[in-house]
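The following paragraphs lead the reader through a single protein model. Please keep the sequence and the structure in view while reading.

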Amino acid sequence: MLLEKAPSSSSHCPPSAPTHDSSKPRRTKLVFDDRNYSADHYLQEAKKLKHNADALSDRFEKAVYYLDAVVSFIECGNALEKNAQESKSPFPMYSETVDLIK
């Protein structure tokens, strides 16, 4: 089986127009930054995302929001691990996050 190599320059391709249904609310684009937030920040974000997911009826959108919430819960646990001043253990956070995934 032979695979064709993609053209090395994409400057000859016209930009594609975004296709989306304007009747549905669009999720915001994920932006990654190097800032470190507190565990509480990640926990509040995770709770917000989970509650938003609970309210959705579309199964795919619901799954995506739940996955975003899971990432925020994991980031909360990670922030708890990194900050020795935090009095909470990160392990219950991870355990409850696994329960959410199930």
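This is a predicted model: local features need pLDDT of at least 70, side-chain atom pairs count only at pLDDT 80 or more; totals for chains, interfaces and linings use all residues.

**A guided reading of the model**

Pro90 counts as buried, because its relative accessibility is 8% and buried means under 20%. Pro90 belongs to the loop between α2 and α3. Leaving aside residues up to four places away in sequence, Pro90 touches Gly77, Leu80 and Glu81. Its C-alpha atom is separated by 9.9 Å from that of Phe73, a residue 17 residues apart from Pro90 along the chain.

The wider setting of this loop may now be described. The protein has 3 helices and 0 strands, and from the N terminus on its elements follow the order α-α-α. Of the 102 residues in the protein, 21% are buried. Among contacts with a separation of 6 or more, 48% are accounted for by residues 24 or more positions apart.

How do the axes of α1 and α2 cross? Helix α2 covers residues 59-82, and its axis and that of α1 come within 8 Å and cross at roughly 165°. An angle over 145 degrees counts as roughly antiparallel, and α1 and α2 are therefore roughly antiparallel to each other. Their crossing is left-handed. On the side of α1, the residues making the contact include Tyr42, Leu43, Ala46, Leu49 and Ala53. On the side of α2, Tyr65, Tyr66, Ala69, Phe73, Cys76 and Leu80 are among them. By class, the contact of α1 with α2 has 13 nonpolar, 2 polar and 7 charged residues. Leu80, one of the contact residues of α2, is also touched by Pro90.

Side chains of opposite charge can pair when their charged atoms come close. How many salt bridges are counted in this model? The count comes to 2 salt bridges.

Glu45 and Lys48 are 3 residues apart in helix α1, which comprises residues 39-55, so about one helical turn separates them. Glu45 counts as partly exposed because its relative accessibility is 27%, and Lys48 likewise counts as partly exposed, at 44%.

The other salt bridge links Asp54 with Lys50, whose closest N and O atoms are 3.2 Å apart. Both Asp54 and Lys50 lie in helix α1, 4 residues apart, or about one turn of the helix. Asp54 has a relative accessibility of 34% and therefore counts as partly exposed. Lys50, at 26% relative accessibility, counts as partly exposed too. Glu45, Lys50 and Asp54 are also among the residues through which α1 makes its contact with α2.

The remaining helix, α3, spans residues 91-101 and holds Thr97. Is Thr97 buried or exposed? Thr97 is buried, because its relative accessible area is 4%, where the limit for buried is under 20%. Not counting residues up to four places away in sequence, Thr97 touches Val70, Phe73 and Ile74.

How values were computed:
Residues are numbered from 1 along each chain as its sequence is written. Side-chain values use heavy atoms; hydrogens and water are left out. A salt bridge is a side-chain nitrogen of Lys or Arg within 4 Å of a carboxyl oxygen of Asp or Glu. Helices (H or I, at least four residues) and strands (E, at least two) are DSSP runs, numbered from the N terminus. Buried means under 20% relative accessible area, exposed over 50%, partly exposed in between (1.4 Å probe, protein chains only). Axes are lines fitted to C-alpha atoms, for helices over the stretch in contact, and angles run from 0 to 180 degrees between N-to-C directions. Angles under 35 degrees count as roughly parallel, over 145 as roughly antiparallel, 65 to 115 as roughly perpendicular and the rest as oblique. A crossing is left-handed if the near helix is turned anticlockwise from the far one by less than a right angle, and right-handed if clockwise. Contact means heavy atoms within 4.5 Å. Ala, Val, Leu, Ile, Met, Phe, Trp, Tyr, Cys and Pro count as nonpolar, Asp, Glu, Lys and Arg as charged, and the others, Gly among them, as polar.
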